[in-house]
Amino acid sequence: MRGSLTKHERRWSTDTLPAKTTVSSDTSPETEYNSAEEFVEVTIDLQDDDTILVRSVEPANNINVADGVDTPASASVSRSPTIRRSSSNRLRQFSQELKAELIRRFSWNHGQAARVLSASPPAQSGSSRFDSALAARALRKQRAQLDRTRSGAQKALRGLRFISNNKADGWDEVQKNFEKLAKDGFLYRADFAQCIGMKDSKEFALEMFDALSRRRRLKVEKISGEELYEYWSQITDQSFDSRLQIFFDMVDKNEDGRIAEEDVKEIIMLSASANKLSRLKEQAEEYAALIMEELDPERLGYIELWQLETLLLQRDTYLSYSQALSYTSQALSQNLQGLRKKSTIRRMSTEFLYYVQEHWKRLWVLSLWIMILVGLFTMKFLQYKQKAAFKVMGYCLLTAKGAAETLKFNMALILLPVCRNTITWLRSTKLGYFVPFDDNINFHKTIAAAIVIGIILHAGDHLACDFPRLIHSSTVNYENDLRIDFGSQKPTYIDLLKGPEGVTGILMIIFMTIAFTLATRWFRRNLIKLPKPFDRITGFNAFWYSHHLFIIVYILLIIHGNFLYLVHKWYKKTTWMYLAVPVLLYAGERTLRFFRSGFYTVRLLKVAIYPGNVFTLQMSKPPQFHYKSGQYMFVQCPAVSPFEWHPFSITSAPGDDYLSVHIRQLGDWTQELKRVFSEACEASVAGKSGLLRADETTRKSLPKLRIDGPYGAPAQDYRKYDVLLLIGLGIGATPFISILKDLLNNIVKMEEQADSLSDLSRTSDLSWSNDFSTPKRKKALKTTNAYFYWVTREQGSFDWFKGVMDEIAELDQRGVIEMHNYLTSVYEEGDARSALITMVQALNHAKNGLDIVSGTRVRTHFARPKWKKVLSKLSSKHCNGRIGVFYCGAPVLAKELSKLCYEFNQNGSTKFEFHKEHF
């Protein structure tokens, strides 16, 4: 441990050395003193080599602080010389560092160790110093034995599990694995991890195997079934002491009961490897020194079992900074438990009423749409029942014509949900309170499904029913009922198909079948893997290009509608009437996008390539580009494709003087875009984020970009809610980064306005001040709290928004925003594979204020969040509140969150309104 001290600029010592300067200080080194702050009297030595030697630490309760001078108020402390702020530059330089270190050491009972060491004279011999150190450690050990009786240690006693709870009774499964893997009745060391279910942590399992073997004074390469059962029994032992001993033995390879710094480094690297934390392995030496500094203040160069136990049991001391949500334990589950059981009828009626209340916007729009379709179908059905052709073709004709009328309406209506500029404008009007514009894509898909049904009815009835009846009709019936519509000569089946009506109809079916098929989730998201060259028909590109076949489809539809067998007057051919307004509106939108994208000229300011196949583009913001947080825009790169536009959430805030987007490589277009920008980037210099970077000073020219937007999204309505719960999975965090920045900017502005108003009111008449403050209150931000949960699988993902998270943590003095990072590659808290990672994380954050996983001030939690618990905490903390839940990520979790919101809304006073991002 002493050898590592030279690596640090500042050194802390509790050893007794010859004193150069002895100072007694009973001060807290803050610039402004708080009378309620707890003080301690500290006797220190300031050495020439920048070592600060702690001589003693004593409580000091009667301190008077005035005019920058700390004056002892009692005789008990009068022996300490008075220190003024200006008396020593060195002391002022180290004051903040000293306070943090002393508070930490005092709370962890190091004061007794320091006092024991200071009891010896400065010139004591080496053996005496060693004896003093042993005595100090003995006192700390005695004090540490009391820690188990504290309530804070109870949770830790349930931790340090080698096998998760759901596998603790899994001996039957282990036995089956043994039968599969055993050779000649023995399980070899290399197969041990797979046998006990730790295949993903093989190195960790092998170290555990060796530790258990050393207990039996053996070094074996294979074990029998009976020995495996013995090993399993020890691993799954419910005793904390037993599990702790195994963990200690894994590190203590020479079995001397002591762990040196090198051993700690090795177990940190092992834990980092098991949890896929590659960066942590690179800093293992630094973190090993941190643990030794904490557990070995006497500098004996080793730690023992009880010290490791103390570290684990006192985890809450250092994890207190992460306890963000305050709530009462009595109210934890109140929203999920009804006060009494309800009858089946009452429960069903309650669920129905809630469902209507939750989905009334969708319900009335769908109901209106269905009623229109039913009305159109019925109208045509009755109309054609009066025609002579009905006598020959029967109800097949009526069904085909009714379906045709719904097709004309749906082919017109399906364009409206994708008129993005119109939707963005309408959602900001009062119509947004009644129409669910956030579901525009879902409604688009629903209409598409109705079109498919309409095509089946219309084309199916014509091809399989109408036409056969026509060609097989008698001459008399044909002459009397059909001659006026089909001509003097009865057509054949081929004649009906090769006419304008038949050809256009068949071509439309072919083109729409291609477009509909490639638009399905299986093809659009590459879920179907086809051999080359057929793999080109899967993915977003195939979906995007195939959808342009609808240009041809609409032209054919207009032609098809003008060549009808049974309609001859032009004003009764209504297809063009249905299509005119929607087609012109959509064409106008595409024209606007074309000209606006050329008008919005942007200049790339910065490009950064991050781990996890993510890169960010930062560009200049056009003066006319006005947007809200949560909105998105389309991006085109002519160097990749002159036709393709792709949507991306805007990650900059409206108040920023630039635009930024974060893009993850998911398809062909994004892969090529990353390649193009990577070629223009250079290796990142020290102190700057990203693996590769490029800016305006880069020698290589950056590709050109075109943008179009902004467009509305659900998250832009965050200001409507008192409390926000923002949940992003992986790259799904992008819409919420802008919201957090914008929220913070607004809070800062409001505080500045409040301060300005307060200053002005002191110099103004009270009545005038009240009149002046009235309009300010109207602009008050409704949102009072925001909780951001970001769940990701890779440690490198935290680099994407590292600067943003640090900025929020620094500026949010009121604690309005709470950020929670979750890394799912790390085993959950309580697992032995992550126990040491958790301890190092807590120690480093307490000392340096940084999280070792994300590199930010935001603590990283391990495993997946327990969403039921998260919502329960929020409902308890914000009773009777209205919480907006915004989610962007995988559809599977969306269903779970939506269901949880439904359950909490049914049984509690807090209302959760769930919103999901759609692209």
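1. Start with Asp184, which is exposed, at a relative accessible area of 75%. Asp184 sits in the loop between α5 (171-181) and β7 (186-188). Its phi is positive, about 60°, although Asp184 is not a glycine. As background, most residues other than glycine have a negative phi. Keep in mind throughout that this is a predicted model.

2. Now put Arg299 beside it. Here too phi is positive, near 60°, in a residue other than glycine. Arg299 belongs to the loop between α12 (284-295) and α13 (305-313). Is Arg299 buried or exposed? Arg299 is buried: its relative accessible area is 14%, and the cut-off for buried is under 20%.

3. The mean pLDDT of the protein chain is 75, with 75% of its residues reaching 70 or more. One is residues 1-38, for which the model has 116 contacts beyond four places in sequence. Another is residues 99-124, with 67 such contacts.

4. Next, strand β11 (residues 632-636). Why call β11 largely enclosed by the rest of the structure? Because 5 of its 5 residues are buried. Both faces are covered: Tyr632, Phe634 and Gln636 are buried on one side, and Met633 and Val635 are buried on the other.

5. β11 also has strand partners. With β12 (residues 646-649), β11 pairs in the antiparallel sense over 4 bridges, and Met633 has Phe648 as its bridge partner there. With β16 (residues 706-711), the run is again antiparallel, joined by 4 bridges; in this case Phe634 is partnered by Asp708. In general, strands of a sheet pair through backbone hydrogen bonds.

6. Have a look at β16 itself while you are there. The peptide bond from Gly709 to Pro710 is cis, with omega near 0°, and Pro710 lies within this strand. For reference, most peptide bonds are trans.

7. Then there is the open sheet of 6 strands. The order is β20-β19-β18-β17-β21-β22, and the pairing is parallel. Which strands form the edges? They are β20 (860-862) and β22 (911-916), each of which pairs on one side only. On average, neighbouring strands of this sheet are turned by 20° against each other, direction ignored.

8. At the β22 end, β21 (residues 882-888) and β22 pair in the parallel sense over 6 bridges, and Tyr887 stands opposite Lys916 in β22. Helix α33 packs on the sheet, touching β17 (723-729), β21 and β22, and its direction makes about 160° with that of β22.

9. Finally, α33 (residues 891-907) has a helix neighbour, α32 (residues 867-877). Their axes come within 10 Å and cross at roughly 35°, and the crossing is right-handed. Which residues meet? From α32 come Trp867, Lys868, Leu871, Ser872 and Ser875; from α33 come Leu893, Glu896, Leu897, Leu900, Cys901 and Phe904. The residues of this contact divide into 7 nonpolar, 2 polar and 2 charged. Taken with the previous point, α33 touches strands of the sheet and also meets α32.

Note on methods
Residues numbered from 1 in each chain as written. Predicted model: local features only at pLDDT ≥ 70, side-chain atom pairs only at ≥ 80, totals over all residues. Heavy atoms only, no water. Buried < 20%, exposed > 50% of the residue type's maximum accessible area, 1.4 Å probe, protein only. Helix = DSSP H or I, 4+ residues; strand = E, 2+ residues; numbered from the N terminus. Pairing = 2+ DSSP bridges. pLDDT = per-residue confidence, 0-100. Contact = heavy atoms within 4.5 Å. Axes fitted to C-alpha atoms, helices over the stretch in contact; angles between N-to-C directions. Left-handed = near helix turned anticlockwise from the far one by under 90°. Nonpolar A, V, L, I, M, F, W, Y, C, P; charged D, E, K, R; others polar.
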